[in-house]
Each structure stands twice: as structure tokens, then as C-alpha cells.
Amino acid sequence: MTDEPRLSAQQLIERLQPALSPWARVRAVTALVVGLAGAAFVAALWWTEPGPLPGRTQWAFALFTVFCLAWACYGTWLLSRRVPLFAAEHVVAAWLGLAAAIGTTALVVTVAVQRGAHPVGVPAIGVLVVALPAVLLVRARARRAALLRRKRELAGGDQR
């Protein structure tokens with residue numbers, strides 16, 4: 001038996017917040033800095049090309065710039081949050097990774113097919129590249145669902 005009074009779910013979450021914050025902050029700053037650096041690097045490469053680029057190359061530079069900016073926005077979003085996210089950040093990051101993998105794979109497969117590459121090799125590698133973020137997305141969604149279920153259980157315990 002403890003002398004501590006029974007805490008509500010919100011009070012428990014507030015107590016956990018300082019323990020969760022440092023690692024989340026490091027991930028957020030890393031995503032923000034790497035995303036901005038990647039976007040600046042790709043944009044610099046794109047703008048400093050001496051001659052006109054082919055359309056596919058323009059699309060590839062635009063795609064990579066958008067991916068990098070998406071990661072920078074993700075880092076900014078994490079830094080701006082002051083409450084526990086219940087693994088929502090993992091779900092968002094997994095979606096970003098899956099979108100980047102699908103976009104990059106589609107671009108590489110298109111270029112490879114147009115250049116007459118092996119008809120099975122490049123798409124097979126593309127499937128493997130997309131499979132990893134898909135698995136991470138499934139795991140992140142399951143973890144988030146478990147945390148939200150636990151939160152509801154804790155909140156339901158307060159109403160009795």
C-alpha cells in the first residue's frame with residue numbers, strides 16, 4: 001500500500017513526459033537538420049547545373065528535394081509538440097519512409113526500364129526497398145494502437 005494518491009491518466013502522462021522528451025528531441029533535431037541539409041544540397045546541385053537538364057532528371061531533383069523538406073517538416077513538428085505523442089511520430093516517420101521508398105523505386109524502375117535494364121532485377125530490388133518501410137509502418141501502427149488502448153484503459157479506470 002502506498003501513501004501516494006491515485007493519479008489520473010493525464011497526471012501519469014505528465015509525469016512520464018520528462019522521461020520521454022530527451023530522445024524525442026534528439027530525433028527531432030536530427031530529422032530537422034538532416035532534412036534541411038539534404039534539401040539545400042540537392043537544390044544546390046540542381047541550380048548549379050551548367051546546362052538544361054532532361055525532364056526525368058528535373059523530376060528526380062524535385063522529388064528528392066520534397067523528401068528532404070518533408071523530413072525537415074517532420075522534425076519541426078516533433079520539436080513543436082509539448083505532449084506525449086503515443087507513437088504517432090513513429091507512424092508519421094514510417095509513412096514518410098514508405099513514400100520516399102515508393103517514389104524513389106518508381107523513378108529508378110522507370111529509368112531502368114527505359115534504358116533496357118534487366119526486366120526482373122531492378123523491380124525485385126525495388127520490392128525489397130519498399131518492404132522494409134512497409135514492415136516498419138505496420139509495427140509503428142500496432143505500437144500506437146497498443147498505447148492508445150492502454151491510455152483508454154487508464155482513463156476508464158479513473159471514471160469508476
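How exposed is R150 in terms of relative accessible area? R150 is partly exposed, at 47%, where partly exposed covers the range between buried (under 20% relative accessible area) and exposed (over 50%), using a 1.4 Å probe and protein chains only. Bear in mind that this is a predicted model, where local features need pLDDT of at least 70, side-chain atom pairs count only at pLDDT 80 or more, and totals for chains, interfaces and linings use all residues. Residues are numbered from 1 along each chain as its sequence is written, and side-chain values use heavy atoms, with hydrogens and water left out.

**Overall layout**

- The chain has 4 helices and 0 strands, with helices (H or I, at least four residues) and strands (E, at least two) taken as DSSP runs and numbered from the N terminus.
- Going along the sequence, you get the pattern α-α-α-α.
- Of the chain's 160 residues, 26% count as buried.

**Salt bridges**

- Side chains of opposite charge can pair when their charged atoms come close.
- Searching the whole structure turns up 2 salt bridges, each being a side-chain nitrogen of Lys or Arg within 4 Å of a carboxyl oxygen of Asp or Glu.
- One of them joins the side chains of R27 and E89, at 3.1 Å from N to O.
- R27 sits in helix α1 and E89 in helix α3, so this pair ties together parts that are 62 residues apart in sequence.
- R27 is partly exposed, with a relative accessible area of 23%, while E89 counts as buried at 10%.
- R150 and E153 also meet through their side chains in a salt bridge, at 3.1 Å from N to O.
- Both R150 and E153 belong to helix α4, where they are 3 residues apart, or about one turn of the helix.
- E153 counts as partly exposed, at 46% relative accessibility.

**The second largest pocket**

- This pocket has a volume of about 290 Å³; the volume is the space filled by probe spheres set on grid points, which are joined across faces, edges and corners.
- On a 1 Å grid over the protein atoms alone, a pocket is an open set of points where a 1.4 Å probe fits, with protein on both sides within 12 Å along at least five of seven lines, and lining residues have an atom within 4 Å of a point.
- The second largest pocket is lined by 16 residues, and H90, A93, A94, L136 and A140 lie nearest its centre.
- Elements giving two or more residues to that lining are α1 (9–47), α2 (55–80), α3 (88–114) and α4 (121–158).
- Helix α3 supplies the largest share of the lining, 6 residues.
- By type, the lining divides into 9 nonpolar residues, 3 polar and 4 charged; Ala, Val, Leu, Ile, Met, Phe, Trp, Tyr, Cys and Pro count as nonpolar, Asp, Glu, Lys and Arg as charged, and the others, Gly among them, as polar.
- Domain 1 (1–84) and domain 2 (96–159) both give residues to the lining of the second largest pocket, so it lies between them; the bounds come from an automatic or database domain assignment.

**UniProt spans and L132**

- An unreviewed UniProt entry lists residues 28–47, 59–79, 91–114 and 120–142 as "transmembrane region"; such annotations may be inferred rather than shown by experiment.
- Residues 28–47 are 100% helix and 0% strand, with end C-alpha atoms 28 Å apart.
- Residues 59–79 are likewise 100% helix and 0% strand, and their end C-alpha atoms are 30 Å apart.
- L132 is in helix α4 and counts as exposed, at 56% relative accessibility.
- Between L132 and A101 there are 9.1 Å in space, C-alpha to C-alpha, and the two are 31 residues apart in sequence.
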